[in-house]
Structures are given as C-alpha cells and as structure tokens.
Amino acid sequence: MNHWIIAPVILPALLAPLIAFVMRHDLTLARATSLAGAVAIAAIAVGLTLASGSGETQVYYLGNWPAPFGIVLVLDRLSALMVLLTSVLALIVLVHAVVTGWDARGRHFHALFQFQIMGICGAFLTGDIFNLFVFFEVLLIASYGLMIHGGGRERMQAGVQYIVMNLAGSTLFLFALGVLYASTGTLNIADLALRLREIPIEDAALVRVAAMLLMIVFALKAALFPLQFWLPGTYANAPAPVAALFAIMTKVGAYAIIRVHTLAFGPDIGATGPLAATWLFPGAIVTIVIGALGVLGARGLLPLIAFSVLGSMGTLMVAVASFTPEATLAALYYLVHSTFAGAALFLVADLLLSRRKDQTLIPLPATVQNGLFAGLFFAAAIGMAGMPPLSGFLGKLLILDALRDPGQMPWAWGAVLAGSLVTIVGFARAGSQLFWKSTSIPAPAPKGPDHGPVTSVRAASAMEIAPALTALAVLAALSVFAGPVSAYLTQASDQIFDRDGYIGAVLGTATEDQP
Amino acid sequence: MEIVVASSVAVLTAGGVYLILRLRTFPVILGLALLSYAVNIFLFASGRLATGLPPVLLKYGEATYTDPLPQALVLTAIVISFGMTAVLVIVALGAFLESGTDRIDIAPREDDAEPQESHR
C-alpha cells in the first residue's frame, strides 16, 4: 500500500491542533507552520498526481481492513487532480491571507485553515460514502469558523444562514445514507455500485429516493438551482481570502456528483436510470441564468463576483449532467479553470477593497495603483467570463463541443453563450464604474463623518499582488498547456467511466492481498 | 415497534421542518435539533428493527443478531450533530450580539437605504 495517499489528510490533521494549542499566542510561528504545511501538502499532491499518472487505481485500506468492511481511500487521476487543485489553491490563498494580514483579524485562522484542507482532501480521497459525510462535516465546521473570521454584523448573520443551510443538508445526507444502507447493506462506494446493479425491483424505489437525496445534498454544496440561495450571501460576506478558498468548496459538490452518480447511480443501473441527468441538467441551466442576471444586477463588487462563481458552477454542472466521458473531460477542465478564476477575482477584489472606501459599484476617487488593479481585475474578469486568451474560453468551448445531443444542445448552447455575454456586460460595467470613471473624480475626497477609520492608501507591495498574479498565471498556463492538461483529463475521465476498473481495484485486490 | 419508530421519525421530521422555516434563530436551531433526532432514529432503523436479539458475539454462532453498523453510524451522527448545533448556537449568539436582532434573514433594506455603508 502506498502510505502517501493518506498524507494529505494526516498532515493538516496533525498541524491544526498543534497550531491551535501550541502556537495560539505566536502568530509568526503559526504562519510559518501553516505555510510549511501548505507547501508540504502541495508537494505531496504533486507526488500523488505523478503516482496516479500510471493509470492504476490505488487503494489505501485504513487499518488494513478488507474493502467492503473497512474504510478505504482511493487514489485515481480524478482524486489526485482534485487534491492537487486544493493544495495549490490553498497555498495561494494562505500566502494572500498572511501577506495582507487577514489571518490576524481574528483568532485561529491557521488552525481552521488546516482543518479545512484536511476535510477537502479527505472528501476527494475517500472511497466510502459515510466517510464522505464525515469529511464533509470536517470541511464544513472549519468553513463555519473561516466564514465568520474577523466578525462583523453582516458576516455573522450570513454565517448563521450558511450554517443553517448546511446543517439541513447534513441531515438530508444522513437520511440518504440510511436509506442506502437499508436497501443495499453497504456504504463502500465500489461495493454499492456492485450491489446496485442487481438490486431487486422492490427496493428500486428506495434506491431512487437515496440517489435523489444525495443529489440534493451535493447540489446544495455545488450551489445548484434551486439550492443556490446561500452562495451569494456567504461568498460576498466571507473574508475575501476565505471566499477565494471557498472556490474549491462548491467543486466538492461537483466532484461528489461526478464520483457517486457516475459510479454508483450510473445510467446503466436499472433502478435509477438517467434520473441524475434528468434533474441536474435543467437545474444547471437555471443556475447559469441566475448567475448571469446576478452579475448584471449586483450593486457591490463582492456579490458580483459571487454571482459569477454561481454562473460558472451552472456551466460546470451542465457538462457534468450529461455523464459522458467527453463532457466530463470538459467539466474537469472548466472545474480547474473556474476554481482559479473565482479565487483570482476574490483576491484582486480584496486588494482593491482594502484601499477603497466602499465595495458599491459607484465611481469613487481612484485608489493608488488604479491602473494595476484595473489590469488585474480585467484579466480575472476575462478569465471568469470566458474570453479568449485565458482558459475560460477553452473550457467553455470544450463544454459546448461535448454537448451536441439534439435534446440538450439548444438549451445548453443558448444558456452558456447568452450567460457569457451577460456576464461580460456585467463585468465591463463594474470595471468601468470602479476603475475608469473613478479617474475622473478629483482625488481629495471629502471624508464623510460616519465612514469610520480611513482605509489604508498604501500601495500594494509585490508580495501582496503575487498570489492574485499566480492565480492568473495558472489560468494562462492552463490555456498555454491546454494540450497536455486535456490529455491528462481525458485519461482521468476515461478512468471515471471505467467503473469495473474502480470496483475491481477496491474490492478485487482486497481479497487477494488478505491472508 | 415499527409503528412507534416510524411515527416518531415522522413527527420529529415534521416538527423539525416546520421549525426550520421560522424566521428567528432559536426555533430554527430547535428545528435542526429535532431533525437530527429524527435522522438518528431513522439511521438506527436502517439496519432493520430487531428486538430481543443478541449483539454480534461469537458464542451465539449462527443465530441472527442485530446489525452493529447502524449503531456506529448513529454514534458518529450524534457526535457530529451535537457539535454542529453547539457551533450554530454560538454563532447565532454572536450574530445576535453584533446585530441586536435574532432574525435569520439579513435585512437588505438598510443597505439599500444607505448604499455607502462599508461591508468590511
């Protein structure tokens, strides 16, 4: 067994309590430890990605219990890719939080951050559906802490909403698992897939209920219509670096749908059939529309970005909903892209808003380095909207190319293309209000009596800009190296649809290895 | 036995759903607690209801036994939902102290009235 598979879970799990208990009064030490941990996890993730490149589905049996009985972690190309994505994003966000001093605005930022990474990596690696629930809870409870980091009236209220939504979701998750266990008697995803193939007809209704409940839970995480209400409020009120990290949280829901609904509730299962696709597709289309309209109608910069993230989730899920290898390849490419595009937007917005009095989209006196921030925002907005030089264009092109089924093509093409256009208009309006019109306003602004302390007008140092630039550079690299990346993703999506390979790796080798 | 378990799950769920649709945090928290009780009983029943049967022990040999896995799942679920409820209570309390209201929805009207207000 390759013990490195569990390292992305173990390492942050060890670092987090250490930071919380030993380094709680020493911010410098906590920062150094947290950064070192993030670098180490990124290195491990690169190693795991290389290891998964062989195409072999590697399985880690916790406690060496055989597969259907013990918990397994499974490393294939998809989970390796997701762990790599998480670790790179976490490193970028962590550097931003440290350099801009966000981590000092409340307590236990670094401990919560490590727990967050632990939960996300665990959710990507696990091969057991109850364990998936547990890792969901780990990442959620850490995200509750991060969401309200720094406090403030609106942030706390938005935090309450976020927690209530997710607690209700967790309850549904447990109901789904109960139904699933009652009808199949297993919680291992591979074993589940095997047993669902020959489920007796009288249990088929229960299995359908479980599949739909799980879909609701994952769609809640992925912020899909009609469960998208929490996302704009949460992302717009969370601290900007946390919102940037949350860019991966919605992808956990997308990943779970790809994994569970392809492997266990695939179209070839008689009990469920094309149930997932039937419901996912219209939901995704409506999500695109809501996201685009939200971008157009948002009054503040952070809600604008949050709605653009919502629209990108809709685009992603449209591709996921067709459950074919080609569309999954496109979905994975767009998933990587939209994670970094969303993160880049939030990081740039944070740089700008810490120097601006207000996030409302109205012309205010130009900040220092107006041109630089305008350039960064422009690049990130191009990425998110899907304009040519950056990877969003290729991602949307791949998605459109994969969705050629006559039944879905008009809806998908129409929604994605019109949504992109509206998003571009929304971003252009925001950019011209924030940056362009601001230049025509005289610099010495009369300071209102109720505006609190003057915000810092310090120019951003190179270190502060570096994380946002890195996220943008990743988008550019995704575009430049689209060939190798999509080659890897093609193999990854083929591996996802090689259900027998996965089931055989998890269950088959177990019986051989055991004495 | 079945009717008792089934109706208690149903009543708890119905009460929980009703309460989480309230507009104040306290009923919502109570509703989530009721829902988590409901799901705990539900999970317990997912291993089939068996009364008077022994646990898994070697000396009972071939005899039927109660499924131990749902009990482990329920234990995990109880711990998690208890912890989550505690977090929610504290955050709701924090939100109440910050804003002076225990409404669950964020009143957007104030923001619209004074768009200059800083969100940070």
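N64(A) sits in the loop between strand 1 (58-61) and strand 2 (72-75) of chain A; helices (H or I, at least four residues) and strands (E, at least two) are DSSP runs, numbered from the N terminus. The model is predicted: local features need pLDDT of at least 70, side-chain atom pairs count only at pLDDT 80 or more, and totals for chains, interfaces and linings use all residues. Residues are numbered from 1 along each chain as its sequence is written, while chains are lettered from A and ligands numbered from 1 in the order in which they are written.

Phi of N64(A) is near 55 degrees, a positive value in a residue other than glycine. N64(A) counts as exposed because it has 11 C-beta neighbours inside 10 Å. A residue is buried if 20 or more other C-beta atoms lie within 10 Å of its own, exposed if 12 or fewer, and partly exposed in between, with C-beta atoms placed from the backbone. H108(A), another non-glycine residue, has a positive phi near 65 degrees. Its place is the loop between helix 3 (77-100) and helix 4 (109-125) of chain A. With 18 C-beta neighbours inside 10 Å, H108(A) counts as partly exposed. The peptide bond from F225(A) to P226(A) is cis, with omega near 0 degrees. P226(A) lies in the loop between helix 8 (204-222) and helix 9 (230-237) of chain A.

The largest nonpolar core has 239 residues, of which V318(A), A344(A) and V348(A) touch the most other members. Helix 14 (residues 325-353) of chain A gives this core its largest share, 21 residues. Such a core is a set of buried Ala, Val, Leu, Ile, Met, Phe, Trp, Tyr and Cys residues joined through C-beta atoms within 7 Å. Beyond its neighbours within four places in sequence, V348(A) is in contact with F373(A), L376(A), F377(A), A380(A) and A468(A); contact requires C-beta atoms, placed from the backbone, within 7 Å.

Buried residues of helix 16 of chain A include S391(A), L394(A), L398(A) and A402(A). The buried residues of this helix pack against helix 13 (301-320), helix 14, helix 15 (370-385), helix 17 (409-436), helix 18 (462-480) and helix 19 (482-497) of chain A.

Chain B has four helices and zero strands. Of its 120 residues, 28% count as buried. 32 residues of chain B are in contact with 39 residues of chain A. On the side of chain B that touches chain A, helix 3 of chain B supplies the largest share, 15 residues.

Methods:
Contact = placed C-beta atoms within 7 Å.
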